[in-house]
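Thanks for coming. I will go through one protein model today, starting with a sheet and ending with a few local details. Please have the structure open while I talk.

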Amino acid sequence: ELTLILALAILGGVEENLSIHLASSMGDPQQSIPMRILVLYDDHSRDSVIFKRYLTWLLNTMWRIPVDTINTHDVKLSEEIFFEENSKPRYAIVFLGNIIDGEYRLSESEWNLIKNRLNGKVPLVTCLYAVQIEEAAELFGCEAPKHKDVRTAHVKPDPITEAVPRTLSVGRGAVISELKDGDALIWDSQVEPRSGALLVRKGINVWFGFRDFLGGTPSNGPLTMVFCSLLKLIPQGFVRLKIPYTFIALRIDDIPYTTESWFHGWEYFSADEWLEFFKTLKRHGAKCDLLIVPYNVSKKTGLFVPYNVTHGDVLEAIREGIEMGVVEVGCHGATHVNPNLKYFMEAETRDPWELTNTIRFEFGYDPHTGKRIPKEAQELHLNLSTETLEDWFGFRPKLFTPPWHVWDNVTESILENLGYKFISADFRLYQAGVRPPSIMGERSLVSSLFEVPMTHGWDGLDPNPEVISAVLKPHIEAGIPIVFLSHGRNWSYPGWSISFAISENEVRLKVLDDLYSPRYAKITEIGRFLMNWSAISFEARMGGDEISMNITSPFNFKVRVEAGRAGYEISEATYNGHSLEVEKDGFTVELAKGTGLLTIKLQKAEAVEGAEGRPSNLYLYGSAIAIAAAVLTVIVILERGRRK
Ligand SMILES: [Zn+2]
C-alpha cells in the first residue's frame with residue numbers, strides 16, 4: 001500500500017491523490033465528536049434561508065440527524081459556538097450557508113475563527129457564489145463562480161460521489177467555478193474541469209454549484225445524491241437513520257372528469273376500465289389516490305352539475321376500488337373553475353386553451369384581477385366539495401390536492417377547520433406567489449396540515465428500467481418517499497399527447513416491482529408514517545472507530561441505520577446488548593419503545609478495485625497509511641517549493 005501511495009504521489013501529484021489530501025488535512029479520528037450539524041444562514045438572503053430549509057429537511061426530517069441553525073445576522077460567531085470547553089468540536093459538519101449569494105457577511109475575526117480553529121478539524125461546506133469571497137475561495141479551493149446552463153456533467157470517483165452516476169444529466173441552471181488548489185469532482189461536460197467545476201473538494205471542505213434546492217422538487221436533482229455520501233468526509237465517521245421502505249404512491253387528479261376535459265375532448269376510462277385498472281394495481285400490491293372534482297360547470301347557465309348524474313357508474317367503480325383496499329379518495333376542489341364564473345360564461349372563444357385560461361384558478365389567486373380569491377368563495381367551494389364527497393363515499397376526506405397547485409394560506413386554514421389532515425401539492429421549499437412552501441414530510445409552515453407533495457410525473461414516464469432507475473435514484477439512495485402524479489386520462493397539449501392505458505401502467509408497475517419491491521401506499525399512509533418518523537430522534541458520538549447512539553422512539557418501530565467513514569465499513573453492531581446482522585454500510589433494527597443504546601463498530605475496508613481499474617483512493621486509509629501520506633505530502637510540498 002505504501003508503494004502504491006508513493007507511485008500515486010509521484011505520478012499524480014497531490015491533486016490526483018485524494019487520500020493524501022484527506023489524510024493530511026483531517027481532524028483527529030480518535031477524538032470523539034457528536035453527530036450534530038450546524039447550518040449558518042442569513043435571513044437577508046432568500047437563497048440562504050432556502051438553503052437552510054433544504055438542509056434541515058434532508059438531514060433532519062429525512063435522516064433524523066440533529067441540526068442546529070444560526071442566523072449570522074443576529075448572532076456573532078464565537079469559539080463557544082463551535083467548540084466545547086475542552087476544544088472538542090460541537091459539530092460534525094458546518095455549512096456556511098450565510099454567504100452563498102457572495103455577500104461579505106462575516107467579520108475578520110469570524111473568518112479567522114473559521115480559518116484557524118475550524119478548518120481541517122470539521123468538514124466545511126458551502127455553495128454557489130460563496131467562493132466569490134477571497135477567504136472562502138481559499139478555504140474551498142475554487143473561485144470566480146458564474147451562472148451557466150449545464151446539460152450534462154462528468155463525475156470523478158471519490159468517496160463523496162459514490163452515489164452519483166459517472167455521467168450526470170443536470171439540465172438546469174447551475175454555478176460553475178474555476179479551480180485554485182481544490183479538486184474538481186463533478187464538472188460541466190462542455191467545459192474542462194479546471195474552469196467548469198460543479199463540485200470541488202479541498203481536503204475535507206466542499207463547495208458545490210448545484211442549485212437544486214432553489215428549484216421545484218429539490219429532491220430530484222444530483223445534490224441529494226452528493227449529500228448521501230458527503231457525510232463520509234467526517235473524519236470520525238457518520239451515522240444517520242433512513243426510512244427502511246421504498247414508499248411509492250400514485251396520485252391521480254381530476255377524477256372523474258373536469259370542465260376543461262369537456263371542452264378539450266380529453267378521454268377517461270369507462271367504469272369497466274377503472275375496475276380493470278384497480279385489479280391491475282391490486283395484482284402488484286399497488287394503490288392509488290383519486291382526487292375528486294365533484295362538479296362540472298355549465299358554460300351556458302353557470303350551474304354546477306354533479307358527476308353522480310353523468311358518471312354514476314364510474315363513482316360506483318371507485319367505491320368498489322375503495323372496498324378492494326386499492327383506492328383512497330381525496331378532495332381536488334369543487335369545480336376546478338374560478339369561483340367568479342363570468343370569466344368562463346362570458347368568454348366568446350371556443351379555443352380550448354383560451355377557455356382554460358378563463359377558468360383559472362379555483363383557490364388562492366385570481367389571475368384576472370391579480371388578487372387573492374376571496375375567503376368566502378374559497379369556503380363555499382371547499383364546504384360544498386367536502387359535503388358532496390362525504391355524501392358519495394360515506395366519510396370525510398382527509399387529503400386535499402389544490403387544482404393547478406394553486407392555493408394560499410387561507411385555503412389551508414379552511415381545510416384545517418373542515419378536518420383535513422394532509423395536503424399534496426408540488427414539492428417546493430419556498431413561497432411562490434401566494435403559494436406557501438410545500439415540504440415532503442413536514443407540517444405546513446402556515447397551518448397544521450401535514451405535507452406529502454408529489455415528486456415525479458407518472459404519465460409519459462418511460463417504462464425503460466434504466467430510465468426509471470436514473471430518474472428515481474436520488475429518492476432511492478436517500479430513502480425519500482416517491483409520490484407520482486397522474487391525470488388518469490388521454491390528454492394532449494399542442495405538440496404532445498399522453499395516453500393513460502392499463503397496459504402502459506402495468507409495464508411501469510412491473511419495472512418498479514423488479515427494481516425496488518416497493519411499499520406501495522396511499523398518500524395518507526405515507527403521511528402517517530412520516531408523522532411517526534418525525535417523532536424519532538437520536539444522539540450519537542463517533543470516535544476511535546466506534547459510534548455510540550441513543551435512539552428514542554415513542555413506539556416500536558423499524559428503521560434502517562446507515563453508518564461509515566471514508567475507507568471503513570461496519571463490522572458489528574449491537575442494540576440494547578443484542579448483536580445485529582449488518583451489511584457494510586448499514587442494517588435495519590426494530591426499535592423498542594423508549595430510548596435504546598446502539599453501538600456500531602467500524603473497521604478498515606478491504607481493498608477493492610476502483611472504477612475503471614484505477615485504485616479507489618477511498619480504501620487507502622488507516623493510521624499507518626495516514627502518517628505515511630502526511631509525510632509524503634510534506635515531501636511533495638517541499639519539492640514544489642524548491643521548484644518555485
Ligand atoms: Zn387538477
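**The sheet, the domains and some details**

Let me begin with a sheet of six strands, which is open and has antiparallel pairing. Reading across it, the order is β1-β28-β29-β34-β31-β32. Which strands stand at the edges? They are β1, residues 33–34, and β32, residues 578–579. Each has a single partner strand, so one side of each is left without a neighbour in the sheet.

Strand β28 covers residues 537–543 and strand β29 covers residues 546–553. The two run antiparallel and are joined by seven bridges.

Now a word on confidence. This is a predicted model. The average pLDDT for the protein is 91, and 90% of the residues score at least 70. Two stretches deserve a note. Residues 1–21 have a pLDDT below 50, and in the model this stretch has 45 contacts beyond near neighbours in sequence. Residues 609–644 are also below 50, with 52 contacts of that kind.

Next, the domains. Domain 1 is made of 1–12 + 544–644, domain 2 is 33–235, and domain 3 is 249–530. I will stay with domain 2 and domain 3. Their C-alpha centres are 36 Å apart. On the domain 2 side, 23 residues are in contact with 20 residues of domain 3.

How much area is buried between domain 2 and domain 3? The figure is about 1,700 Å², and carbon and sulfur atoms give 66% of it. In domain 2, the residues that lose the most area to domain 3 are Arg-53, Trp-57 and Met-62, which together make up 29% of what that side buries.

How many salt bridges are there between domain 2 and domain 3? The count is zero. Polar contacts between domain 2 and domain 3 come to nine residue pairs, with both residues at pLDDT 80 or more. As for which helices are involved, α3 (46–62) and α7 (222–230) each supply at least two residues to the side of domain 2 that touches domain 3. Helix α3 gives the most to that side, with eight residues.

Arg-64 sits in the loop between α3 and β3, the latter being residues 67–71. Phi of Arg-64 is near 65 degrees, a positive value in a residue other than glycine.

There are also cis peptide bonds to point out. One runs from Ile-255 to Pro-256, with omega near 5 degrees. Pro-256 is in the loop between β12 (247–255) and α8 (259–264). Another joins Arg-360 and Phe-361, where omega is about -10 degrees. Phe-361 lies in the loop between α13 (352–359) and β18 (365–366).

Last, salt bridges over the whole model. The count comes to 32. One of them pairs Arg-117 with Glu-79, and their closest N and O atoms are 2.5 Å apart. This pair links distant parts of the chain, since the two residues are 38 residues apart. Arg-117 is in helix α5, residues 108–118, and Glu-79 is in helix α4, residues 79–82.

That is the end of my part.

Note on methods. Residues numbered from 1 in each chain as written. Predicted model: local features only at pLDDT ≥ 70, side-chain atom pairs only at ≥ 80, totals over all residues. Heavy atoms only, no water. pLDDT = per-residue confidence, 0-100. Contact = heavy atoms within 4.5 Å. Pairing = 2+ DSSP bridges. Helix = DSSP H or I, 4+ residues; strand = E, 2+ residues; numbered from the N terminus. Domains from an automatic or database assignment. Buried area = accessible area lost by both parts, 1.4 Å probe. Salt bridge = Lys/Arg side-chain N within 4 Å of Asp/Glu carboxyl O. Polar contact = N/O pair within 3.5 Å; in protein donor to acceptor, adjacent residues only side chain to side chain.
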